[in-house]
Amino acid sequence: MTPRTLLMIPGPVEVDPEVLAAMARPPLSHMSSAFAVLMQESLDGLREVFDAPDGQPFLIPGSGTLAMEMALANLVEPGDRVVVADTGYFAARMAELAEWLEAQVIRVTAEPGALPDETEIEAALRQGAKVLTLTHVDTSTGVVVPVERWAPLAHRYGALVVVDGVCAVGGQRFHQTAWEVDVALTGSQKALAVPPGLAIVVARPSALEAYRRRRTRTRSYYADWGKWLPVMEAFQAGRPAYFATPAVNLVAAMAVSLRRIRAEGMEARWARHERIARAFRAGLRAMEMEMVPRDPAWAAVTLSVIYYPDGIDDRLIREIEAAGVTVAGAIHPALRGRSFRVGHMGEIGLPALLQTLSAIEIALRRLGHSVTPGVGVAAAQAEWTREA
């Protein structure tokens, strides 16, 4: 059996034993009152996490990619203009989904590690866009976009705003209603710290009204809001309902995780992720390692995308795993073989952070790179202590 390593990839993430225990219980009937309670609790909790008191959550079996498709498929019709702020691999996937739906797609791109130009986004919106898509944190580059600024900009030109929060929601600060985001989405396996398998979409009244005004049928049977909305509304009222079989054990795990999140409090949770990111990056700087985001203000708090030092390649990932920590390789085509990714979101704290930095130090030395033992760990500890 392969030895267990600390999981520090950008999802799936480490899961608390209490959440895992909920997964291990015998399945409930999806039409039982006991399951209805768990669904009701989860839907209420998601409104809190997204900070969308006027939002309608959809909690369905599937991945983050299904959540992306559900968001776009219910709003976009053939010929609609969709503007995509392209900050990496998953923003490009949004563009591909929109093209699949036969939209006219305008991609406002940037070099890896940079933000798209805001004036170019505004120029694209002026062309009569129906939707602007923003990837809050693109997992391929670690770049975070200013949703709070770009969503109101889109509304000035009459566009709806869809935010992919798969690598953000629950870790990166987010206020869906206050920031005027019409639809936001995530998956269970990232900062919500639940195993993979749940697609989550929160639609506000503006988005639901746009759905009701569609001229054509949604180009997805499974993801159609019309199929799921009566089910979600019934569960919110404490009554079971059926369209497709829910992932009952995953919902039980989600309910437990949301209780933990509620107990921590969103302000404290966001602050913890920010503190973890600062400490981790202090360790990276001490090892003279560079981040892909070109400006610290553009760097997400949920993961770090890091350039290899000169003379180092993907062998580093294998050596880090041999030292007891699993990290991820690059997924952006322009960064493959040049960088690696470390997720630091969900339930982790200082011990996981120090173990990861130690494993990186050990791996670098095994590959012949000059690094003083303990320098990254010490810098992270100093940063953590400074903020105590």
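Biologist: Which residue stands opposite F340 in β14?

Modeller: This is a predicted model, and in it I306 is the residue that stands opposite F340 of β14. As a general idea, strands of a sheet pair through backbone hydrogen bonds, either parallel or antiparallel. Here β11 and strand β14, which covers residues 339-343, run antiparallel and are joined by five bridges.

Biologist: In what order do the strands of that sheet lie, and which of them stand at its edges?

Modeller: The sheet is open and has three strands, in the order β11-β14-β13, with antiparallel pairing. β11 (303-307) and β13 (328-329) stand at the edges, and because each has a single partner strand, one side of each is left without a neighbour in the sheet. Helix α10 packs on this sheet, where it touches β11 and β14, and the direction of α10 makes about 10 degrees with that of β11.

Biologist: How should I read the sheet of seven strands, and what is its order?

Modeller: The general idea is the one given above, that pairing may be parallel or antiparallel. In the present case seven strands form an open sheet in the order β2-β10-β9-β8-β5-β3-β4, and the pairing is mixed. The edges are held by β2 (56-61) and β4 (104-109), each with a single partner strand, so one side of each is left without a neighbour in the sheet. From one strand to the next the twist averages 20 degrees.

Biologist: Do β8 and β9 run parallel or antiparallel, and which residue of β9 stands opposite V163?

Modeller: Strand β8 (residues 160-164) and strand β9 (residues 183-187) run parallel and are joined by three bridges; the residue opposite V163 is A184 in β9. Helix α6, residues 147-156, packs on the sheet and touches β3 (81-86), β5 (131-135) and β8, with its direction at about 175 degrees to that of β5.

Biologist: Turning to helix pairs, at what angle do α10 and α13 pack, and is the crossing left-handed or right-handed?

Modeller: One reads such a pair from the angle, the axis distance and the handedness. For α10 and helix α13 (residues 375-386) the angle is about 145 degrees and the axes are 7 Å apart, while the crossing in which α10 passes α13 is right-handed. On the α10 side the residues that meet α13 are R275, I276, R278, A279, A282, G283 and A286, and on the α13 side they are V375, G376, A379, A380, E383 and W384. By class, this contact has eight nonpolar, two polar and three charged residues.

Biologist: What is the volume of the largest pocket, and which element gives the largest share of its lining?

Modeller: A pocket is open, whereas a cavity is one from which the probe cannot get out. The largest pocket has a volume of about 350 Å³, and its lining is made of 16 residues, of which R281, R285, M291, P296 and A299 lie nearest the centre. Helix α10 (residues 266-286) gives the largest share of that lining, six residues. By class the lining has eight nonpolar and eight charged residues, with no polar ones.

Biologist: How many cavities of 30 Å³ or more are counted, and which residues line the largest cavity?

Modeller: The count comes to one cavity of 30 Å³ or more, and the largest cavity has a volume of about 50 Å³. Its lining consists of M39, L59, I60, P61, W228, V231, M232, F235, A241, A244 and P246. The elements that give two or more residues to this lining are β2 and α8 (225-236), and α8 provides the largest share, four residues. The lining divides into 11 nonpolar residues, with no polar and no charged ones.

Biologist: Where in the chain is P12, and what is the peptide bond from G11 to P12, cis or trans?

Modeller: P12 is in the loop between β1 (6-7) and α1 (17-24), and the peptide bond from G11 to P12 is cis, with omega near 0 degrees. Another backbone feature belongs to D51, which has a positive phi of about 50 degrees although D51 is not a glycine; its place is in the loop between α2 (33-50) and β2.

Conventions: Residues are numbered from 1 along each chain as its sequence is written. This is a predicted model: local features need pLDDT of at least 70, side-chain atom pairs count only at pLDDT 80 or more; totals for chains, interfaces and linings use all residues. Side-chain values use heavy atoms; hydrogens and water are left out. On a 1 Å grid over the protein atoms alone, a cavity is a set of points where a 1.4 Å probe fits but cannot get out, and a pocket is an open set with protein on both sides within 12 Å along at least five of seven lines; lining residues have an atom within 4 Å of a point. Grid points are joined across faces, edges and corners, and a volume is the space filled by probe spheres set on the points. Ala, Val, Leu, Ile, Met, Phe, Trp, Tyr, Cys and Pro count as nonpolar, Asp, Glu, Lys and Arg as charged, and the others, Gly among them, as polar. Two strands pair if DSSP finds at least two bridges between them. Axes are lines fitted to C-alpha atoms, for helices over the stretch in contact, and angles run from 0 to 180 degrees between N-to-C directions. Contact means heavy atoms within 4.5 Å. A crossing is left-handed if the near helix is turned anticlockwise from the far one by less than a right angle, and right-handed if clockwise.
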